Amino acid sequence: MAKDDHIIQEFTSREYEHGWVSDLEADAAPKGLSEDIVRFISRRKSEPEWLLEWRLKAYRHWTTMVEPKWPNVTYPAINYQDIIYYSAPKQKASPTSLDEIDPELLKTFEKLGISLTEQKRLSGIAVDAVLDSVSVATTFKEKLGELGIIFCSFSEAVREHPDLIKKYLGSVVPATDNYFAALNSAVFSDGSFCYIPAGVRCPMELSTYFRINAAKTGQFERTLIVADEGSYVSYLEGCTAPMRDENQLHAAVVEIYAMKNAEVKYSTVQNWYPGNKDGVGGIYNFVTKRGLCAGDHAKISWTQVETGSAITWKYPSCVLKGDYSVGEFYSVAVTNNYQQADTGTKMIHLGKNTKSRIVSKGISAGKSQNSYRGQVHVHKRAVQSRNFSQCDSLLLGDQCGAHTFPYIDVENSSSRVEHEATTSKIGEDQIFYCQQRGIDEESAVALIVNGYAKEVLNQLPMEFAVEAQKLLALTLEGSVG
Amino acid sequence: MLKIQNLHAQIEEKPILNGISLTVNAGEVHAIMGPNGSGKSTLAATLAGREEYTVTQGSVEYMGKNLLEMTPEERAREGVFLAFQYPVEIPGVSTINFMKTALNQIRVHRGEAPLDAVAFLKLMKEKMKLVEIDQSLLNRSLNEGFSGGEKKRNEIFQMAMLEPRLSILDETDSGLDIDALRIVAHGVNALRSKNNATIVVTHYQRLLDYIVPDFVHVLYKGRIVKSGTRELALELEEKGYDWIKADLATAR
Ligand SMILES: Nc1ncnc2c1ncn2[C@@H]1O[C@H](COP(=O)(O)OP(=O)(O)OP(=O)(O)O)[C@@H](O)[C@H]1O
Ligand SMILES: [Mg+2]
């Protein structure tokens with residue numbers, strides 16, 4: 001219809017809001033990847049021998065692997081020798097308080113809307129901020145420490161809590177798991193670590209902000225969350241990157257280990273630079289996220305709002321090993337212009353009476369491609385298990401694509417798996433109805449899209465939900481007129 | 001308030017309105033009747049600014065301005081309200097949220113500050129009472145799973161909230177039970193004033209017992225072929241449209 005064409009044409013991107021570069025001096029490794037670079041990174045971080053070995057094993061395995069070609073995305077071959085694998089903002093010795101941190105760096109976070117000092121004082125969210133590759137500051141450490149909660153940068157955890165790291169690193173996502181996880185295992189430079197002791201309910205949201213700053217730099221952070229028996233934590237992750245016209249690689253790994261009766265809620269608002277409206281530049285977001293419900297009655301819930309990146313390749317998954325354990329995946333993925341997303345989840349039911357729920361809402365606009373890829377596997381032993389999947393796609397215009405690839409595999413007869421999928425177009429009649437009440441076209445699209453994504457947005461903590469709603473609107477802004 | 005002159009409109013090359021002229025003054029109620037497919041909803045949608053309907057001839061003046069040059073949302077903000085014959089569903093958006101967004105955009109347009117939550121709630125409660133609508137309905141996704149009558153009542157609730165100057169009610173009475181009809185008509189009458197006007201599109205004279213029109217027009221094949229007072233509606237109820245069609249045939 002005429003109106004639809006109109007919507008498509010007008011669906012040009014607004015300028016990316018976080019596209020500034022900080023003027024920080026960086027201490028970087030030379031370009032390229034080799035055993036020497038792996039050693040360089042490990043040495044730079046004064047790591048113990050076992051960790052270097054772990055990295056080298058991952059690296060050697062990686063050299064035997066090939067990049068996955070099955071995702072429904074296309075991009076020119078990545079030259080892994082043209083990437084800088086380590087870049088740290090130059091600083092004096094490691095900071096012990098906020099006052100010692102480079103003011104430029106603090107300004108960077110302020111621009112991101114996360115003033116650490118403010119955060120510390122007001123919001124009650126503990127923040128660990130990772131800029132390029134190094135974790136910069138962890139607020140609230142003392143307060144959490146009183147409860148026995150550990151929340152710190154990965155490097156610090158390696159130094160201060162080597163036993164925990166040795167025990168759990170790679171326990172959910174092995175170093176050799178897949179191409180990008182292996183790459184990450186070889187060269188990861190920092191990230192966050194979190195341990196919640198048995199019976200402790202973490203009294204505040206824990207939060208990590210990631211930002212890629214230096215040019216030609218890949219970011220390979222690693223997050224490890226260990227929730228001991230009967231504990232609870234809600235963890236937030238936000239990301240941004242400056243505008244650049246070459247693509248940048250982001251290959252992170254997140255591992256969650258939940259013991260008996262533990263519950264972990266992990267929420268992501270991903271807003272990496274998506275490239276410009278002609279598809280130039282943007283982040284390749286190739287991320288492995290997996291949680292293990294190791295004990296009975298454990299629960300892991302992933303919520304993601306994916307609005308950024310040129311390419312997203314990401315399947316936050318749950319391995320439901322404990323009996324009666326629960327896995328959830330709530331996702332909104334928006335693509336506009338030339339963005340491509342291939343995202344979804346894997347729910348692996350191993351324990352008895354395990355339950356999983358998948359709610360995926362894809363929104364495609366412009367010339368973008370948006371795929372849901374989900375696997376539900378119910379093992380023979382996982383009797384009386386349940387899965388419910390709802391995968392909806394919303395199309396804005398007719399030059400974009402929405403695809404659904406569900407893989408369902410049930411090995412026993414007492415389990416039940418339900419899958420529902422819908423595809424709809426944003427209706428001209430819906431937009432007109434809004435306009436007739438005085439709402440302009442752009443706000444109408446935002447209203448309709450937020451309504452569509454509501455079930456997922458409702459899963460987010462309040463402050464994040466508001467931010468996510470704004471981001472959805474921003475991603476689609478300039479789309480109509 | 002509204003002056004339509006020789007309005008022609010078409011959709012996809014198919015002419016539907018073939019020269020409509022109609023003047024509506026502040027304080028008046030006009031009823032538009034006519035057989036199915038005669039163009040009543042098309043007229044309503046054209047006045048509201050639906051893009052699919054292309055105006056090929058004629059003019060529409062509203063409050064001294066050229067209505068046809070305004071975007072649909074500008075028309076709405078300037079006080080044109082259309083109660084839809086088939087209200088649209090918007091999943092995940094409650095009527096309350098929808099009205100908050102609409103009302104505040106209208107207020108900003110008028111140079112007024114957006115209503116805060118308390119003031120909005122107060123206004124809402126007042127209007128809920130007027131059209132006897134339950135808050136549980138307003139908390140649900142807009143029109144999703146609403147019964148036919150609930151949708152219509154919700155349209156009138158929205159009209160009450162936005163306090164338009166010119167309301168066009170497109171078959172708001174169809175689908176309403178007798179009690180609901182009375183309530184809706186009561187709402188419409190309560191909102192009537194010497195400063196606003198109403199165009200009621202209906203098939204049934206019964207509604208006009210409650211909302212008493214000053215003028216009744218018969219639309220047929222995209223033209224107003226007969227105008228009169230209340231009595232015309234009674235006559236139509238009794239005799240149907242055939243006599244008008246016959247009159248037209250002999251006149252030709
Ligand atoms: N989108 C469209 N495409 C093609 N024809 C249309 C479209 N919209 C309306 N029409 C046609 O225009 C004519 C007038 O329709 P309209 O809905 O205005 O009639 P109406 O008088 O409101 O009828 P009713 O009493 O049944 O509501 C009909 O013949 C209808 O089929
Ligand atoms: Mg009609």
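User: Why is S41(B) called partly exposed?

Analyst: The relative accessibility of S41(B) is 29%. Buried means under 20% relative accessible area, exposed means over 50%, and partly exposed is in between (1.4 Å probe, protein chains only). S41(B) therefore counts as partly exposed. A word on the source: this is a predicted model, where local features need pLDDT of at least 70, side-chain atom pairs count only at pLDDT 80 or more, and totals for chains, interfaces and linings use all residues. Residues are numbered from 1 along each chain as its sequence is written, chains are lettered from A and ligands numbered from 1 in the order in which they are written, and side-chain values use heavy atoms, with hydrogens and water left out.

User: What makes S41(B) and Q85(B) ligands of the magnesium ion?

Analyst: Their donor distances. OG of S41(B) and OE1 of Q85(B) coordinate the ion (ligand 2) at 2.0 to 2.2 Å. Donors are N, O and S atoms within 2.8 Å of the metal (3.2 Å for Na, K and Ca); water is not among the atoms, so sites may look incomplete. The pair links distant parts of the chain, 44 residues apart: S41(B) sits in helix α1 (residues 40-48) of chain B, Q85(B) in the loop between β6 (80-83) and β7 (90-94) of chain B. Helices (H or I, at least four residues) and strands (E, at least two) are DSSP runs, numbered from the N terminus.

User: Is Q85(B) buried or exposed?

Analyst: Q85(B) has 16% relative accessibility, so it counts as buried.

User: What contacts does ligand 1 make with N36(B), S38(B) and Q85(B)?

Analyst: Polar ones. A polar side-chain atom of N36(B) is 3.0 Å from an oxygen atom of ligand 1. For a polar backbone atom of S38(B) the distance to a ligand 1 oxygen is 3.2 Å. For a side-chain N or O atom of Q85(B) it is 3.1 Å. A polar contact is a pair of N or O atoms within 3.5 Å; within protein, one must be able to donate a hydrogen and the other to accept it, and residues adjacent in sequence count only if both atoms are side-chain atoms.

User: How do you know that the buried residues of α4(B) share one side?

Analyst: F120(B), L123(B), M124(B), K127(B), M128(B) and L130(B) are buried in α4(B). They cover an arc of only 150 degrees around the axis, so they lie on the same side of α4(B). The arc is that of the directions from the helix axis to the C-beta atoms. On the other side, V118(B), K122(B) and K129(B) are exposed.

User: What caps the N-terminal end of α4(B)?

Analyst: D116(B) does, with a side-chain oxygen 3.1 Å from the backbone nitrogen of V118(B).

User: Why is R77(B) called buried?

Analyst: Its relative accessible area is 16%, so R77(B) is buried. R77(B) lies in helix α2 (residues 72-77) of chain B. Its side chain makes a polar contact of 2.7 Å with the side chain of Q105(B). Among the residues that R77(B) touches, leaving out those up to four places away in sequence, are G438(A), I439(A) and D440(A). Contact means heavy atoms within 4.5 Å.

User: What about D409(A): why is it called partly exposed?

Analyst: D409(A) has a relative accessible area of 34%, so it is partly exposed. D409(A) is in strand β22 (residues 401-410) of chain A. Its side chain makes a polar contact with that of H377(A), at 3.2 Å.
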